[in-house]
Structure formats: C-alpha cells, structure tokens
Amino acid sequence: MSIRYLYRSLPKSGRTCNYYRCQRPILRNIAKDKAGRLYHWGCLQTALDEQYRCLGCYSIFDATEAVLDEKQRTVGEGYKTILTLLCPHCGSQDLKPAQKHHSMPSGQTVHCM
Ligand SMILES: [Zn+2]
Ligand SMILES: [Zn+2]
C-alpha cells in the first residue's frame, strides 16, 4: 500500500519521524508502523530491530512500541530535551536492550518470561 498521499495531505510539520533518535521532518521515504505513527523508512527498520526488555514486567518490545518520555532540562543558557524510553505495558524506565529471537547466534529459540 502506498502512503505517498501523506506528503500532500499532511503539512511538513505534521510529518515528523517518530524514531526517538531521529525526530526530524520526513521529506522522503515515509513509512508507517502498525500503530499508524510515521517514520522514515530506514528509521522504522532500525526501530523495529531495536528490541528492549522491561525489567519491571519482563515484556519485550521494539522501539516503535516503546513510550517516549520527553523532559526539558536547563543546560547552561538553553534547554536540552532528554528522551527516556518507557515500557508500553507498565511504564517502567528499567529497560534493557534485548536481542531478537531469530538473531541469536546459536540459532536457539529463547523463551521470554
Ligand atoms: Zn527518521
Ligand atoms: Zn514493563
């Protein structure tokens, strides 16, 4: 399904990449995740590959599912935005990068708790 119509129907300011490391306007290669949020195509692939395990409820999710907590902190003369990833299920900040099941070098299936 082509979502190129979004270039016409959304203003540039409404086309911000949702990948927390990017957050830039999307001028080309627009893509959507399953929740309907917008990404650069490349950012979406990176985000899907970025898996986290919550140490609070032990669920595993990727960077498109994580909840982003944005805080402004005063740094010298200006502000700095601090982004924290939160668990989408329990809201915990206690996250650990997790490996994807199929990318385990041993080829074993790992069962999550
Ligand atoms: Zn991006
Ligand atoms: Zn959790």
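User: Which residues of α2 are buried?

Analyst: In this predicted model, the buried residues of α2 are Cys-43, Leu-44 and Ala-47. Looking down the helix axis, they fall within an arc of 100 degrees (taken from the directions from the axis to the C-beta atoms), so they line one face of α2.

User: And what makes a residue buried in the first place?

Analyst: A count of other C-beta atoms, placed from the backbone, within 10 Å of its own: 20 or more is buried, 12 or fewer is exposed, and anything in between is partly exposed. Cys-43, Leu-44 and Ala-47 are listed as buried, so each of them meets the mark of 20 or more. On the bookkeeping side, residues are numbered from 1 along each chain as its sequence is written, while chains are lettered from A and ligands numbered from 1 in the order in which they are written. As the model is predicted, local features need pLDDT of at least 70 and side-chain atom pairs count only at pLDDT 80 or more, whereas totals for chains, interfaces and linings use all residues.

User: What covers that buried face of α2?

Analyst: The cover includes β1, β2 and β4.

User: What makes the largest nonpolar core a core, and where does it lie?

Analyst: A nonpolar core is a set of buried Ala, Val, Leu, Ile, Met, Phe, Trp, Tyr and Cys residues joined through C-beta atoms within 7 Å. The largest one has 14 residues, and Cys-17, Tyr-19, Leu-38, Tyr-39, Cys-43 and Ala-47 have the most contacts inside it. β2 (38-40), α2 (41-49) and β3 each supply at least two residues, with α2 giving the most, three. Domain 1 (1-49) and domain 2 (51-98), bounds that come from an automatic or database assignment, both contribute, so the core lies between them.

User: Which residues does Leu-38 touch?

Analyst: Leaving out residues up to four places away in sequence, Leu-38 touches Arg-15, Cys-17, Asn-18, Ile-26, Ile-30 and Lys-32. Touching is a matter of contact, that is, C-beta atoms placed from the backbone and lying within 7 Å.

User: Why is Asp-69 called partly exposed?

Analyst: Asp-69 has 13 C-beta neighbours inside 10 Å, so it falls in the partly exposed class. This residue lies in strand β5 and touches Thr-84 and Leu-86, again not counting residues up to four places away in sequence. Its C-alpha atom is 6.1 Å from that of Leu-85, although the two residues are 16 apart along the chain.

User: Why do you say β5 lies largely in the open?

Analyst: The number of buried residues among its nine is zero, so β5 lies largely in the open. Strand β6 (residues 78-86) is hardly covered either: its nine residues also give a buried count of zero.

User: What makes β4 and β7 edge strands?

Analyst: Three strands form an open antiparallel sheet in the order β4-β3-β7. β4 (60-62) and β7 (95-98) each pair on one side only, which puts them at the edges. β3 (residues 51-54) is joined to β4 by three bridges, and Tyr-52 stands opposite Phe-61 in β4.

User: Why do Asn-29 and Tyr-58 count as exposed?

Analyst: Asn-29 has 12 C-beta neighbours inside 10 Å, so it counts as exposed. Tyr-58 has 12 as well, so the label is exposed there too. Asn-29 is in the loop between α1 (5-9) and β1 (30-32), and Tyr-58 is in the loop between β3 and β4.

User: What is the phi of Asn-29 and of Tyr-58?

Analyst: Asn-29 has a positive phi of about 60 degrees although it is not a glycine. Tyr-58, not a glycine either, has a positive phi of about 65 degrees. Most residues other than glycine have a negative phi.

Definitions and conventions: Two strands pair if DSSP finds at least two bridges between them. Helices (H or I, at least four residues) and strands (E, at least two) are DSSP runs, numbered from the N terminus. Two residues are in contact if their C-beta atoms, placed from the backbone, lie within 7 Å.
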